[in-house]
Amino acid sequence: MKRMKLSLRYLIVCVALLSFSLTLISSLLSGYDTNKQTLIANTLETNRMYAEKLAQATDGFLYTTLQTLSVSAAEIATIMDDEAALLKEADRLKMQTNTFNSVAITDPSGKVLATSPQSLDLKGRILTSPESKEALEERRPLISKPYTGITGRLIIFISYPIFDEQYNYLGLVGGTLYLKEMNILNEILGEHFYKDGSYVYVVDQDGRIIYHQDQSRVNEVVDENPVVRKLMNGERGAERVINTKKKDMLAGYSYIPTADWGVVSQRDTEVTLAPAKEMLKKMIVTSFPFLFVSLIFIIWLSNKIAQPLHKLAYYTENSTEKNQEKHIAKIPAWYYEVIQLKKALVHSLAILHNRINYSTHQSRTDSLTRLANRRGMEEHMKKWLEEEKPFSLILLDIDHFKRVNDTYGHAAGDHVLQFLAMQMTETAGSNHICCRYGGEEFVILLPDTAQQDAVKVAERLRSKMERTVSPCGDIVTVSAGVAAYPEHASDLDGLVAKADASLYEAKKRGRNQIVAFEPHDVIQA
């Protein structure tokens, strides 16, 4: 038998292998891109929410500090001539809250009348820095820009004017924060909440760093950073940015109105995408044996296909010889073998699709709690909105969760999150969808459920939590807000905003309670 110039067996193997390989590569890249976009979106939202919470905490601290100075200024106005009383008040102000690194009381000319601690040896000296003069001349509460103080330290001066009952200006009382030493900002901002390579820094209105975990960067001007520019304009948000160190970062940022500062929480993009790359490697390694087995099977099957076709070509070529029709009749029909090959390919592709489906499922699932993540939650809600299907939404979070992390550590905090996820799953109905919204915030979606019934579900969960010891060894409570579609909102963002407003009201009322949203008011369930 003459050999074919181009073997059909090799053509079948090449075509099948090429098709399988292209499908595999396309599916792997598609899964990787989906996972990558999910990681980026989740990290941006996490950093945005964290920056917002830090900004609120810092703004509250600054407001409280000015209130404290206001009370002290009123007291000092009555004892300006009593040196011992002034010294006692300066010590009290420094020691009472541990807010300031040092405290000073001056007369209208800037002469220091009393300080704490006294080891600074500033009594009788005149404050001459432009920032000190500004505070004396403005005669209003003031948070200064960073400057080098009379002690040679880089400081921020928070001051409040002193007036007597006739509104005569008597001087000022103020406290300093030593920016390159431990101060209250370290306690408020501290190490980033998540152990994932993220970090936080704070800038003033000129784009100058006033807090950074790397203290060598304090006082560095970073106003060329696009995120910092937006903070200088009082904006909030999250975006992917190339910072001043030329690093690709995923940054969330928020504005602090009391001091005209901005806080940034960011994470290296390369670190963020590392899990997606690792998953891609695992998928390739896992898929390779299937590719190898499929190749062996295709070679075997191609021989089965090519052999009868070779015989058919031979007998056709020598059809003039006698009895050839008998030999042709004995050759199996070609379509039978083609069907077998098709089944083999379908079987191989089914294995791959299972892998892709697994990857897609992972991209919609929170890795810590195994609940649906924000992406999965939004897909369910969008589908119901398109179907105009009524549903209720419970937005809840853990009360004082930062205290759990600070007291028991972040590992215990993760166990508490997993514990809450388990309680949610046990409490919710089989057709309800439990989701992790971000951080310590969770969502329960209840299709075809009225708001009052959703409130009952939330109350069962709340009651169960307050009666059950969590993995950290303490009772951990939750607060929740409940809203319903389409009664309260016609779109996804609006519904979440209504539930969030109710959750805020629950926090405002003292936590560990459920608040149902009402169109004109928020009432307690």
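Biologist: How do α10 and α11 lie relative to each other?

Modeller: This is a predicted model, where local features need pLDDT of at least 70, side-chain atom pairs count only at pLDDT 80 or more, and totals for chains, interfaces and linings use all residues. Residues are numbered from 1 along each chain as its sequence is written, and side-chain values use heavy atoms, leaving out hydrogens and water. Helices (DSSP runs of H or I, at least four residues) and strands (E, at least two) are numbered from the N terminus. Axes are lines fitted to C-alpha atoms, for helices over the stretch in contact, and angles run from 0 to 180 degrees between N-to-C directions. Here α10 (residues 401-408) and α11 (residues 410-427) pack at about 135°, with axes 7 Å apart. They are therefore oblique to each other (under 35 degrees is roughly parallel, over 145 roughly antiparallel, 65 to 115 roughly perpendicular, the rest oblique).

Biologist: Which residues of α10 and α11 meet?

Modeller: Contact means heavy atoms within 4.5 Å. Phe401, Val404, Asn405 and Tyr408 of α10 meet His410, Ala412, Gly413, Val416 and Leu417 of α11.

Biologist: And what about α9 and α13?

Modeller: Helix α9 (residues 374-387) packs with α13 (residues 492-508) at about 115°, their axes 10 Å apart. From α9, Glu378, Met381, Lys382 and Leu385 meet Leu492, Leu495 and Val496 of α13.

Biologist: Which element gives the largest share of the lining of the largest pocket?

Modeller: Helix α1 (8-76) does, with 10 residues. On a 1 Å grid over the protein atoms alone, a pocket is an open set of points where a 1.4 Å probe fits, with protein on both sides within 12 Å along at least five of seven lines; lining residues have an atom within 4 Å of a point. Of the 39 lining residues, Lys53, Gln56, Asp397, Glu440 and Glu441 lie nearest the pocket's centre.
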